[in-house]
Every structure is written in C-alpha cells, then in structure tokens.
Amino acid sequence: MLLDRHARPDLATVIDGVRICKVDQAAGPESSMSGTVLAVIAQGGKRLALGDRFYDYGAGQYLVASVDVPVTGHAMDAAPGVPALGFGMTLEPAVIAELLPAGPGDVPQSPGTARLGIAVSDAPDELLDAVVRLLRLLDRPRDRKTLAPLYKREILWRLMTGEQGDVVRQLGVADSSLTHVRRAVRWIRENYTQPFRVEEVAQLSGMSVSAFHRNFQAVTAMSPIQFQKNIRLQAARLLLTNRPNDITGIGQRVGYHSPSQFSREYRRQFGVPPSVDAARLRGGAGPAGAALP
C-alpha cells in the first residue's frame, strides 16, 4: 500500500505539509497538539479527546482540526501486519482565503459563535480521489512540483464545499470568530509559562470578554486557563524525555511555582506522577510526536 511504503517515524513526506501516520499496534493514549490539519484514515481507526469530548473516526472518514489545540489520541484496531494508516495535510488559511467564493453572503464575516475546533465526517468520493492523486505523487517526482499544489487546492476546495465547510471557510476569513480565537490560542502558546488576565487576552484577540469566553470555549472545549495548563503539562512531558532527573526544575520552567501542584496536575493529566513517567520515558517509551492524523 502506498501509505505503508512511504510512512516514516517522523510522519513527514517529500510533499510539504503532507504527513503519513503508521501505527503497528494499539498503544495507550498520548497527548500532543493537534495542528491545523485534515486527517483521513485509510486503515484502522483513531480515538481523539479534546477536553471532555471524544471523537472516533475510521477508514473512509476524515477529521478537521481548525485550531491547534491540546488533544489526547490513540490508534485503534492496529496489529502486527495490519497497521493503522492515516493521511494528514496542513490546512493553509492563505490558500483557503484565495478559494473563498466571491459572491456576497457566502461566508459570514463575523458569526456570533465559532464552532468547535474539531469535527469528524464521512469522506466523500471526490475528497478521497483527490487525496489518492496527491499521494501518488510520492512516486512521481517529475510531476510533484507542478501537480502537488493543484491537488492540495482541490482537497481544500472539497473540504470548503463539504459537510465541514463552515469551519474550514472561517479559516480564510480575517475577521471571523475562529480567527480571533486562533489569535488568542497562538498568544497563550507563545506565553504559556506566564500568568495572564483573561481580559488582556480577550483584548489582544479583538473580542469582548464575554464573546471571548463564549468563543474560546466553543472552539477548544476548555477555558483559557485550562488550555494554558494543558500546554504547560505537555511541554513538561517533552522536557522530561531529555531531563528525567530534574522534575522540580522542569515544573518551574513551564510555570509552576509549587512542586506539589505540578506533580498533582501532571498525574491528573497523564495518569502517573512525573517521577514515574520520567522513568518510563527514560526507558525509551517517549511521548508521541503528534496525535494526528
């Protein structure tokens, strides 16, 4: 199978923005950032958790993540000889903006409340056909430079005109509620070690405090403070892979002034205290690089 042959440990491919995921056996849930992506399952299945919401998707289905949010995911129905296989493609707001319909009223400029940042649908044949044609370019280097951008645009068009089109189209609208939330998400990610006032982030994102709370919760399924906590803990876990004996220092580095609070919240997030997880990571079972595709 094409996906199987081109799968790499780092998920990357020679086509910019295209990833292939291969999982040989079912494993425990791993936390990561979703990225702003389209994910299509070719074989097996995946379960993803965002806040208190769960998403299952399998062969012939696709998932859209319109905001880079902290998620927990694991492959299902994977076994030696029958791996779970998936395709992923980064969603590019600039290209989506170019593809937006020209007619007035086709895309709401300021919808009242943004939709949840993750959605699952059955993949129509037209979308799957475009994905397959893009993947075939992995074996056709002469055609790749010319045709890959065209096939990627077609995939975006199929998404924009499909069941999750409302969410995807908002990625290309400069003043949409989703764009404002994405601005806040980016700021929190870049400043996750620092305490912040929600009022300040609301102002930075261009929304009133009430609209910010409503839209942030709608898109990420968590509050801004919960979002920051997830980012901190995921950063701490990544640091533990390189510095497993510096648990207190890592807690402080990601913004925790209380070692006991860091240990308590880490255990709540990952199921074990950081000391136990550090020993596991030291044994080579590092955190997954990405929960998607």
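**Burial, ring pairs and sheet order**

Biologist: Why is Trp187 called partly exposed?

Modeller: In this predicted model, Trp187 has a relative accessible area of 26%, and because partly exposed covers the range between the 20% limit for buried and the 50% limit for exposed, Trp187 is placed in that class.

Biologist: And what makes Phe196 count as buried?

Modeller: The relative accessibility of Phe196 is 13%, and since buried means under 20%, Phe196 counts as buried.

Biologist: How many aromatic pairs are there, and why is the pair of Trp187 and Phe196 called edge-to-face?

Modeller: The count comes to six aromatic pairs. For Trp187 and Phe196, the ring centres are 6.0 Å apart and the planes stand at 85°; a pair needs centres within 6.5 Å, and planes over 60 degrees apart count as edge-to-face, so this pair is given that name.

Biologist: Why is the pair of Phe212 and Phe216 called tilted?

Modeller: Here the centres lie 5.4 Å apart, with the planes at 50°, and because stacked requires planes under 30 degrees apart and edge-to-face requires over 60, the pair of Phe212 and Phe216 is tilted. Both residues belong to helix H8 (residues 209-220), where, being four residues apart, they are separated by about one helical turn. Phe212 and Phe216 are both buried.

Biologist: What do ring pairs link into a cluster, and which residue lies over the face of Tyr256?

Modeller: The cluster is made of Tyr256, Phe262, Tyr266 and Phe270. Arg232 lies over the face of Tyr256, at 5.7 Å from the ring centre, where the cut-off on distance is within 6 Å. Elsewhere, the charged end of Arg133 sits over the ring of Tyr151, at 5.0 Å from its centre.

Biologist: Which residues touch the most other members of the largest nonpolar core?

Modeller: Of its 65 residues, Leu38, Leu50, Phe87, Ile118, Leu134 and Ile155 do. Helix H4 (residues 141-160) supplies the largest share of this core, namely six residues. Leu38 has contacts that include Tyr62, Leu63, Phe87, Ile155 and Leu159, with residues up to four places away in sequence not counted. A second, separate core has 13 residues, among them Ala235, Leu239, Val254 and Phe270.

Biologist: How do you know that Leu239 is buried?

Modeller: The relative accessible area of Leu239 is 18%, and because the limit for buried is under 20%, Leu239 is classed as buried. Leu239 lies in helix H9 (residues 224-240) and, leaving out residues up to four places away in sequence, touches Ile250, Arg253 and Val254. From Leu239 to Arg253 there are 14 residues in sequence and 9.5 Å in space, C-alpha to C-alpha.

Biologist: What makes Asp277 count as buried?

Modeller: Its relative accessible area is 2%, which is under 20%, so Asp277 counts as buried. Asp277 lies in helix H12 (residues 274-282), and its contacts, again without residues up to four places away in sequence, are Arg237, Tyr266 and Val272.

Biologist: Why are strands E1 and E9 said to stand at the edges of their sheet?

Modeller: The open sheet has five strands in the order E1-E8-E3-E6-E9, with antiparallel pairing. Strand E1 (18-23) and strand E9 (118-122) each have a single partner strand, so one side of each is left without a neighbour in the sheet. On average, neighbouring strands of this sheet are turned by 20° against each other, direction ignored.

Biologist: How do you know that E1 pairs with E8?

Modeller: Strands pair if there are at least two bridges between them, and six bridges join E1 to strand E8 (residues 84-90), the two running antiparallel. Within E8, Phe87 is the bridge partner of Ile20.

Biologist: Which helices lie across E8?

Modeller: Helix H3 (residues 125-136) lies across E1, strand E3 (37-43), strand E6 (61-65) and E8, and runs at about 90° to E8. H4 lies across E3, E6 and E8, with an angle of about 95° to E8.

Biologist: What joins strand E2 to strand E7, and which way do the residues of E2 point?

Modeller: Four bridges join E2 to strand E7 (residues 70-76), and the two run antiparallel. Glu30 and Ser32 point one way from strand E2 (residues 30-33), while Ser31 and Met33 point the other way, and all are buried.

Conventions
Residues numbered from 1 in each chain as written. Predicted model: local features only at pLDDT ≥ 70, side-chain atom pairs only at ≥ 80, totals over all residues. Heavy atoms only, no water. Buried < 20%, exposed > 50% of the residue type's maximum accessible area, 1.4 Å probe, protein only. Contact = heavy atoms within 4.5 Å. Core = buried A, V, L, I, M, F, W, Y, C linked by side-chain atoms within 4.5 Å. Lys NZ or Arg CZ within 6 Å of the ring centre and 35° of its normal. Axes fitted to C-alpha atoms, helices over the stretch in contact; angles between N-to-C directions.
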